[in-house]
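The entries follow the order in which I looked things up.

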Amino acid sequence: MWSQFLSLGSLLLAGSSLAQDVFQNPVIYSDFPDNDIFVGPDGAFYFSASNFHYSPGAPILKSTDLVNWDIIGHSLPRLSFGGGYDLPADGQAAYRGGTWASTLRFRESTGLWYWIGCTNFWNTWVFTAPAAEGPWEQAAQLGTGGGDGCFYDNGLLIDDDDTMYVVFGSGNVRVAELAADGLSTIEVRSVLNNTDVGADSLEGNRLYKINGFYYILNDRPGGTTYIWKSDDIWGPYEHSILVENVTPPLAGGNSPHQGSLIETAEGDWYYMSFTWAYPAGRMPVLAPIRWGCDGFPIFVNGSNGGWGETYPLPFPEQTGPTKNWTRTDRFAGTTLHPSWEWNHNPDVNSYTVNNGLTLRTASVTNDIYHARNTLTHRTHGPHPVGTLEFDFSNMAVGDRAGLSAFRDRSAYIGVHRTSSGYMLSAWHNMTVNEWSGEAVDPGFEAATAPVPSGARRVWLRADLDTSPTGTRDARFLYSWDGVEYTQLGPIFELYDGWAWFLAYRFGIFNFATTARGGSILVTSFTAA
């Protein structure tokens, strides 16, 4: 019964005529980790990712060909899990909390989309919506029935009889059966354990039903993906290894080892994972799989003998040019494009989108990590460039506004208003403790430059090398006409540690150091 799954692998191994029509890994050169991918009711592919403390939470992408993806929304309109997500002046910020390794599915019987995820390592929430684009609302809180409330690294299965099951756990992997409405837990059982395979841990759980068998996909962090099979949801499960320390598709990246199984309408199968490749982040990589006669999937090696840099396109006849992620946003209309995410929840009374973005100061602080309403945008490609244009004439004394390379070690170029006027400032090495959310290094002013008399508008640019084998150079530049740019200060070296989990982003900020009341008007931002 597995013969229908052999065709793709045989075709690839034989070297088909499709070889001239290939895609390049990473399929998205941006930070979209912890993917959960499935086919929606319209036949398109939907991709749910983590974004931790950024708001709105749990970004959703859509594709018709598994290669070109568009951001269409978020499952969590706001992170409503505690005050830390609002960047309190006195209290712990929720860095490392928020959304990670969650799951997304459409349920035909209710006409609803379900997002389920554990936040802040403590509680599991269900959000639902009538469409992937929303509107999404918080529907329930789930419990494991085992003394904790976290469905850690979970995957949702809607079975043939419409029963909803969730697999979750770290080490001890459990399955929960949900109530008919999917909003409470009926039963939880342990189904397998990391000791079954001699691993120190297992995580990244996904749950599937394929040809009458239940499959759990998970991994040992560091390089191994396991696939478990049973004819009963509750087990027992036998296992196989899908990938183990496979050669990465990107120089400087790691061996991909966590992700999703995907079936196309033609019956072909793929495995989407991600490679850790900082400073660029955890980037999605795609590879075909085939099925063996024992009912386990088999990874299809690329020409490099591991996870290929290229593979034949899944849909060669319908796939056009690779998506161009370069975009200029002039903030037309009254809402933000879903590519934007705030650092923690925004103060909604301190910004306005109306053919331009007005950012009013929302915090009094000297610390960018506690400055509310910092608006972030992912980088794309190994050499991303972000260019911000804004009017600073309504800044108040003590305000600081500009463009940052934002991560747990950050730098920025900005306009500072002092009692004697305006000046340009390059500020380097602001550092936060990713565990506590407290700033551990305020950074230092690396360079300054005067603002011409009568100037109201400036263009600021961050030119980054985020390639995992690159220089990690970050250059900050300014212009008074949008044409000629001048570098301000020395090169800042981007940090490539992993513990923040998320990659560098462009961050637009405006905060007060003395008193709230000032504002800036952002007229354009270009990500290239």
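Entry 1. I began with salt bridges across the domains, and the count between domain 1 and domain 2 is one. I keep in mind that the model is predicted.

Entry 2. I looked up the side chains of D86 and R372 and found that they meet in a salt bridge, at 4.0 Å from N to O.

Entry 3. I then checked where the domains run. The domain assignment of the protein chain places domain 1 at 22-312 and domain 2 at 327-527. I noted the contact between them as well: domain 1 contributes 41 residues and domain 2 contributes 46 residues.

Entry 4. I looked up the distance between the two centres, taken over C-alpha atoms, and it is 32 Å for domain 1 and domain 2.

Entry 5. What area is buried between domain 1 and domain 2? I read a value of about 3700 Å², with carbon and sulfur atoms giving 58% of it. On the domain 1 side, I found that Y54, Y95 and R96 lose the most area to domain 2, and together they make up 23% of what that side buries.

Entry 6. I turned to the strands next. I found an open sheet of four strands in the order β15-β16-β17-β18, and its pairing is antiparallel. Its edge strands are β15 and β18 (238-244), each of which pairs on one side only. On average, neighbouring strands of this sheet are turned by 20 degrees against each other, direction ignored. As a reminder to myself, strands of a sheet pair through backbone hydrogen bonds, either parallel or antiparallel.

Entry 7. Is strand β15 largely enclosed or largely open? I checked residues 203-210, and seven of the eight are buried, so β15 is largely enclosed by the rest of the structure. For this step I took buried as under 20% relative accessible area.

Entry 8. I followed β15 to its partner. Strand β16 covers residues 213-220 and pairs with β15 in the antiparallel sense over six bridges.

Entry 9. How many residues lie between β15 and β16 in their hairpin? I counted two residues there, and N211 in the turn has a positive phi of about 50 degrees.

Definitions and conventions: Residues numbered from 1 in each chain as written. Predicted model: local features only at pLDDT ≥ 70, side-chain atom pairs only at ≥ 80, totals over all residues. Heavy atoms only, no water. Buried < 20%, exposed > 50% of the residue type's maximum accessible area, 1.4 Å probe, protein only. Pairing = 2+ DSSP bridges. Axes fitted to C-alpha atoms, helices over the stretch in contact; angles between N-to-C directions. Domains from an automatic or database assignment. Contact = heavy atoms within 4.5 Å. Buried area = accessible area lost by both parts, 1.4 Å probe.
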